[in-house]
Amino acid sequence: MEQPRATWHGADPEHLARLSPVSLRARDLVSLICLRGGGTPPDMSPALPSVLERVESMPDILLTLTSAFDCRGGPHQFPREDSPYERRLDLHVLQRLGLSPGDTRPARWLFARMAENIPTLDGLCVFSHPTERWPSWPPDAVAAYGRGLSLPLAPVQTPEASSAAKTASVAEIVTAERLCLRPHHILCILCYYGRETDAPLEIDNLWEPLVRMRDDPDIEVTLVEGDCMVCPPCHSFDPASGICVGACGLRDRRKDLDTLQRLDLLPGDTLKARDLLRLYVERIPEVKAVCDYGEATAWEWRSCGGSHTGAYEHGLQRLREWL
């Protein structure tokens, strides 16, 4: 079945092309952050200033992290690339980030993880007993790294753009003949409903679709993969690419498909709001079944913070009152 309006805004092909991955050594992340802080990293690659310019202008550009080794520790029994100092720094950065050579992540995520997992350079390139063969970075470069960690990257949407998107998308929800929603966003809507806040959010449209479905339970709802009527004002929604660039983006893709599987529906299926919400009541009585992954295997697969609050289940109770 054709999936209508799978991408709400549509992606800009030129924007997507500019986001194509840039390959760099894992240790270059340390140097990029040092550069952001106004320092000069030792033995810096001449290409890094131009890479930093791209990151500053497009923080969601993809970076592929490499090293002299591949994910097996090969390809050569005796390494032929980079110095021992450089090879060691590559591996320390990858290990601290929970990544392997060849992994690709958005620059925004990698910079956030560097701040979280490598807040200092102690043990990486600052040693308690440096030697001529294993020297510490100069103090000014180390200080610049610390400054660089504290500098935020540009937001995906400015507050003004997010506010404008909120106004336009809410107007569409109010007047639309049919709602287009991601399956897992209905879980989010019911979780929010269970908190009994009963008021709109500035950075999401979790309240307005619920009001529309409550006031008109016969309105049709089409389930879509991709951005939907909830997405436009979100601080992690990128209108140019039409995707969520937050660290939950991949996780939410799985949540969409897990929700569809439990509902026995497919992308593009359209039901009246009343009938669709009844399926959620009957087939997803607790949100942990979809949103709780237990102990995270990676940064991108962390459980949803609301999966253990009971808010979703309380939202279902409130929903039953008017279904």
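Predicted model: local features only at pLDDT ≥ 70, side-chain atom pairs only at ≥ 80, totals over all residues.

Tyr312 belongs to the largest nonpolar core, a set of 45 residues in which Tyr312 itself, Leu181, Leu276 and Tyr280 have the most contacts. Two or more residues of this core come from each of β4 (178-181), α8, α9 (208-215), β5 (220-223), α10, α11 (273-283), α12 (288-291) and α13 (311-320), and α8 provides the largest share, with seven residues. Apart from this core lies another one, made up of 37 residues that include Leu94, Leu97, Met114 and Phe127.

The largest pocket has a volume of about 1,100 Å³, and of the 49 residues that line it, Cys244, Cys248, Gly249, Arg251 and Asp252 lie nearest its centre. The elements that contribute two or more residues to this lining are β3 (104-106), α8 (183-194), β6 (237-238), β7 (243-244) and α10 (249-263), while by residue type the lining divides into 25 nonpolar, 12 polar and 12 charged residues.

The second largest pocket holds about 250 Å³ of space, and 15 residues line it, of which Pro42, Asp43, Tyr85, Glu86 and Trp137 are the closest to its centre. Here α2 (28-36) and α4 (84-97) are the elements that give two or more residues to the lining, with α4 giving the most, namely three residues.

Methods. Residues numbered from 1 in each chain as written. Heavy atoms only, no water. 1 Å grid on protein atoms, 1.4 Å probe; cavity = no way out; pocket = protein on both sides within 12 Å on 5 of 7 lines; lining within 4 Å. Points joined across faces, edges and corners; volume = space filled by probe spheres on them. Helix = DSSP H or I, 4+ residues; strand = E, 2+ residues; numbered from the N terminus. Nonpolar A, V, L, I, M, F, W, Y, C, P; charged D, E, K, R; others polar. Core = buried A, V, L, I, M, F, W, Y, C linked by side-chain atoms within 4.5 Å. Buried < 20%, exposed > 50% of the residue type's maximum accessible area, 1.4 Å probe, protein only.
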